[in-house]
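This report describes a protein chain through selected residues, their surroundings and some features of the backbone. The chain is shown first.

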Amino acid sequence: MGVLENGATNNQNSSPTTTKPTKTSLSPDSMINLDQGDPTLFEPYWRKMGDKCTLVIEGCDLMSYFSDISNICWFLQPQLGDAIKRLHRVVGNAVTEDRHIVVGTGSTQLLMAALYALSSPADRHPVSLVAAAPFYSGYKDQAEFLRSELYKWEGDAHTFDKDGPYIEVVTSPNNPDGAVREAAVNRGEGKLVYDLAYYWPQYTPITQPLDHDIMLFTFSKCTGHAGSRIGWALVKDKEVATKMTEYMQISSIGVSKESQIRAAKILGVLGEGCRTADSENFFEYSHSILKERWERLRNVVKNSRVFSLPKYPRDYCNFTGKYMDSNPAFAWLHSKEDIDWESRLRELKIIARSGERFGASPKYVRISMFSPPEAFNLFLERLSAIIDNTNGNVVT
C-alpha cells in the first residue's frame, strides 16, 4: 500500500489515473520551475523518521583531515564506506566486493576525478569525451568549464568517429529520457564511466547487480538529500582509485566529514527500512509517489495528438520481487509541432530544459518529476488547458 502526495492511500480499488489535478494555492500567474532535479519531494518521509536520523556532533569531533590513512581514499569515513556496501547488498544494484570506494562532493566532482584518472598529460592530444544523445546536459558544461588539455568534449557517442582513445560516459537509467543504456561506441581504446545516479528501485526495476570498472552514485538521488553533497564511486582498478583520490585531494582536500557521517546514518536507516514491507520502506514510499505522478501525467498527455512521452518496458525487479514499470525522475516530453518547446512553455510560465541542452531537438523538453506538489498540480492544470483549448494542437 503506497502513500500518495495528498495523504491518501493507494490501494487496488483506487486509481490515481482517474484523479484530476488538484487545485493549488499558487497564483494562476505563478512561474513554475520544472527545470531543476531538486528532490525535496521526499522530505515528508524523512520528517516522519524523526530522531532516527538525528546526529549529535560535539565541537571536538571530526577535526582532522584524515579518516583512515590505511585506505586509498584516506578521507572516507569508515562508517560511510560500510553503509554504502550494506545498502548495495540489500538493493542488489551494484557489485561492491573487491572495489575501492572513493567519496566525493556529489557525483559531479567524482566524474571530474574519473576524467583526470583516465586521461594522461603525456598524450599529444586531449582524450575525446562522449555520451550518447540525449545526454545529461551537465557533462558538456563540466568538461568545457576549465578548458582542460587532458580531455575534450566531442558530443554524441552515436556519431563519434575519431580514431584514438576516448572516454564514454554511460548514464543508466538515462537523464533526461529514463532509458536503460549500454555503451554506444564499443572500441578497444575506449574507457567507460557509468553514471548510475538513478539505478535505484524508486526509478527503475533492479534487474542485476552491475559490475563495471567505474560506477558513480549520488546521495541526492538515492535518498533526496541533495544538500549534503555526497557521492561515491565504486572503482575496480587500484591505480584509477588512487588518481581519483589525488584529484579530490588537490581540488578540495577531501570531503566534509559532517556530511559523510550524516549520509552514513541516513543510509543505515534506509537499509533497515528495506527490511519492512510498510511505509517505513523508503523505496516503496518514493516509488508510490513517482508512480502516481507518472500515471497522472500520462493520463493528461494521452488526450493529445501533439504531445508524447517515452514508453518503458515492464521488467522484473530483484529488489521488490515483482514486475515493475519505470518511473524516471524526469519526463522527456516531445511535441510533434516544429516549435522551440522550451520558449513556448516559458511564455506559459513553465520553466523546463530544452532538448537542445541534451544534444537533441528543441521539440523536446525535460520536465522534473521532483517538483513540489503544488507546482506539479499546477503544471498538469496548464498542460491540460493547452490540450483542451487547442484540441490537441500547440497554442500559437
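Leaving aside neighbours within four places in sequence, Lys265 is in contact with Lys52, Cys53, Thr54 and Leu55. The model described here is predicted. Lys265 belongs to helix α7, which covers residues 257–273. Between Lys265 and Lys52 there are 8.5 Å from C-alpha to C-alpha, although the two are 213 residues apart in sequence. Lys265 counts as partly exposed because its relative accessibility is 32%.

Helix α8 runs over residues 282–301. Its 20 residues should span 28 Å at 1.5 Å a residue, and the end C-alpha atoms are 29 Å apart, so the two values agree. Of these 20 residues, 15 are buried, and α8 is therefore largely enclosed by the rest of the structure. At the start of the helix, a side-chain oxygen of Asn281 comes within 3.0 Å of the backbone nitrogen of Phe283.

In soluble globular proteins, nonpolar side chains tend to be buried together. The largest nonpolar core here has 112 residues, and the members that touch the most others are Trp46, Trp232, Met244, Phe283 and Phe379. Helix α8 gives the most to this core, with 9 residues. Phe283 touches Leu87, Val91, Trp200, Pro201, Gln202, Cys222, Leu270, Cys274 and Phe319, when residues up to four places away in sequence are not counted. Another core, of 6 residues, lies apart from the largest one; Val130, Ala157, Phe160 and Tyr166 are among its members.

**Aromatic pairs and charges over rings**

There are 27 aromatic pairs in the structure. One of them joins Phe42 and Phe370 edge-to-face, at 5.8 Å centre to centre with 80° between the planes. This pair links distant parts of the chain, 328 residues apart: Phe42 is in the loop between β3 (32–33) and α1 (43–48), and Phe370 is in the loop between β17 (364–368) and α10 (373–390). Phe42 counts as buried because its relative accessibility is 0%. Phe370 is likewise buried, with a relative accessible area of 0%.

Phe370 also forms an edge-to-face pair with Tyr203, at 6.3 Å centre to centre and 80° between the planes. Here the partners are 167 residues apart, with Tyr203 in the loop between β8 (190–195) and β9 (214–218). Both Tyr203 and Phe370 are buried.

Two arginines lie over aromatic rings. Arg293 is over the face of Phe376, at 4.4 Å from the ring centre. The charged end of Arg366 sits over the ring of Phe330, 3.7 Å from its centre.

**Two buried polar residues in loops**

Asn93 lies in the loop between α2 (78–91) and β4 (100–104). With 0% relative accessibility, Asn93 counts as buried. Its side chain makes a polar contact of 2.7 Å with the side chain of His88. Beyond its neighbours within four places in sequence, Asn93 is in contact with residues including Tyr199, Trp200, Ile206, Gln208, Pro209, Leu210 and Phe217.

His225 is found in the loop between α5 (219–223) and β10 (231–235). Its relative accessible area is 12%, so His225 is buried. The side chains of His225 and Thr223 are joined by a polar contact of 2.7 Å.

**Backbone features**

Most residues other than glycine have a negative phi, and most peptide bonds are trans. The table gives exceptions in this model.

| Site | Feature | Value |
|---|---|---|
| Ala133 to Pro134 | cis peptide bond | omega near -5° |
| Ser172 to Pro173 | cis peptide bond | omega near -10° |
| Arg229 | positive phi | about 55° |
| Ile253 | positive phi | near 50° |

Pro134 lies between β5 (127–131) and α4 (137–145), and Pro173 lies between β7 (166–171) and β8. Arg229 is in the loop between α5 and β10; at 35% relative accessibility, Arg229 counts as partly exposed. Ile253 is in the loop between α6 (238–252) and α7, and is partly exposed with a relative accessible area of 45%.

Definitions and conventions: Residues are numbered from 1 along each chain as its sequence is written. This is a predicted model: local features need pLDDT of at least 70, side-chain atom pairs count only at pLDDT 80 or more; totals for chains, interfaces and linings use all residues. Side-chain values use heavy atoms; hydrogens and water are left out. Helices (H or I, at least four residues) and strands (E, at least two) are DSSP runs, numbered from the N terminus. Buried means under 20% relative accessible area, exposed over 50%, partly exposed in between (1.4 Å probe, protein chains only). A polar contact is a pair of N or O atoms within 3.5 Å; within protein, one must be able to donate a hydrogen and the other to accept it, and residues adjacent in sequence count only if both atoms are side-chain atoms. Contact means heavy atoms within 4.5 Å. Rings of Phe, Tyr and Trp (its six-membered ring) pair if their centres lie within 6.5 Å; planes under 30 degrees apart count as stacked, over 60 as edge-to-face and the rest as tilted. A charge sits over a ring if NZ of Lys or CZ of Arg is within 6 Å of the ring centre and within 35 degrees of the ring normal. The expected span of a helix is 1.5 Å times one less than its number of residues. A nonpolar core is a set of buried Ala, Val, Leu, Ile, Met, Phe, Trp, Tyr and Cys residues joined through side-chain atoms within 4.5 Å.
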